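Subject: Structure handover

Hi,

Here is the structure for you to look through. My notes on it follow below.

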Amino acid sequence: MINKGRIVFAVTLTTLGLGLTACNNGEDSASAKDSPSASTPAAPSSKSPSADPSDDAAAAPSGDVAAPGTKFKIGDRAVLPFKYGTDKEGTVAVTVTAIEKGAEADMAPFGDKAKGMTPYYIRMKVENVGGTDLSYASLRLRGKLEGGGPTGVVLIGDLPGKCDNETAPRDFTTKGASYETCSLSATKTDPIAVASFEEGDAYRDSPVLWTS
């Protein structure tokens, strides 16, 4: 779980399949320094034909689990399988309510290397559909460029007061329980216009997408 004030900035060099991170081990943000750091991203391609959200795909009916690769519009509700850690598993419904563009100045906590990057705030509502205990679980969505291409930037953490990545509350254990949260993304190239759910093996290669 990411602690506020401990923000790690990592960059994926999508062209070479390599990655850089400010963490000692590249994974655990808790080992990062209190002062956030940044690395300059490789400019990604703005097009990705295999993940183009304009492709025809029928949205899953309300209550049915969305198949990998399903495309939704912002404001649509998608029912999804969800697993957090080793002991929390269930079914949630995610509604992306907005993809908001922030200001470059909002990136100041990441330091000088984040100059020229624009943050985007993916706001969503998460609902417990299965009624299992998912208290304190955390769900994140990734931002993608228009056309489904990667941003080349991976942000771990949030911007308190602007985009808070909230964990599920203690009472997120019953059917119908819900909360609101935000996933932070950033780009130095084209605008972010797509939110992507990539949790679990089935969705990693064929994510569920929301677009305007």
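Start with a strand pair: S5 (88-101) and S6 (118-128) run antiparallel and pair over nine bridges. Strands here are DSSP runs of E with at least two residues, helices are runs of H or I with at least four, and both are numbered from the N terminus. Two strands pair if DSSP finds at least two bridges between them. In this pair, Ala98 faces Arg123 of S6.

Two points on the source. This is a predicted model, in which local features need pLDDT of at least 70 and side-chain atom pairs count only at pLDDT 80 or more, while totals for chains, interfaces and linings use all residues. Residues are numbered from 1 along each chain as its sequence is written, and side-chain values use heavy atoms, with hydrogens and water left out.

The hairpin

S5 also pairs with S4, again antiparallel, over eight bridges. Leu80 has Val92 of S5 as its bridge partner. S4 and S5 make a hairpin with three residues between them. Gly85 sits in the turn and has a positive phi of about 65°.

The whole chain

The chain has eleven strands and one helix. Its order from the N terminus is β-β-β-β-β-β-β-β-β-β-α-β. There are 212 residues, and 44% of them are buried. Buried means under 20% relative accessible area, exposed over 50%, and partly exposed in between (1.4 Å probe, protein chains only). Take contacts, meaning heavy atoms within 4.5 Å. Among those between residues at least 6 apart in sequence, 69% join residues at least 24 apart.

The cores

A nonpolar core is a set of buried Ala, Val, Leu, Ile, Met, Phe, Trp, Tyr and Cys residues joined through side-chain atoms within 4.5 Å. The largest one has 28 residues. Those touching the most other members are Leu80, Val94, Leu139, Leu141, Phe197, Val208 and Trp210. S4, S5, S6, S10 and S11 each supply at least two residues of this core. A second, separate core has twelve residues, including Tyr121, Val153, Leu155 and Leu159.

Leu139 is worth a click. Leaving out residues up to four places away in sequence, Leu139 touches Phe82, Val92, Val94, Met124, Asn165, Tyr179, Thr181, Ser183 and Phe197.

Trp210 lies in strand S11. Trp210 counts as buried because its relative accessible area is 0%. Trp210 and Lys71 are 139 residues apart in sequence, yet 6.0 Å apart in space, C-alpha to C-alpha.

The cavity

There is one cavity of 30 Å³ or more. A cavity is a set of points on a 1 Å grid, over the protein atoms alone, where a 1.4 Å probe fits but cannot get out; lining residues have an atom within 4 Å of a point. The space in the largest cavity is about 40 Å³. Its volume is the space filled by probe spheres set on the points, which are joined across faces, edges and corners. Among its lining residues are Phe82, Val92, Leu139 and Tyr179.

Two single residues

Tyr136 lies in the loop between S6 and S7. Its phi is near 65°, a positive value in a residue other than glycine. Tyr136 is partly exposed because its relative accessibility is 44%.

Thr118 is in strand S6. Thr118 is buried because its relative accessibility is 19%. Beyond four places in sequence, Thr118 touches Lys101, Gly102, Ser185, Ala186 and Thr187.

Best wishes

Technical notes
On a 1 Å grid over the protein atoms alone, a cavity is a set of points where a 1.4 Å probe fits but cannot get out, and a pocket is an open set with protein on both sides within 12 Å along at least five of seven lines; lining residues have an atom within 4 Å of a point.
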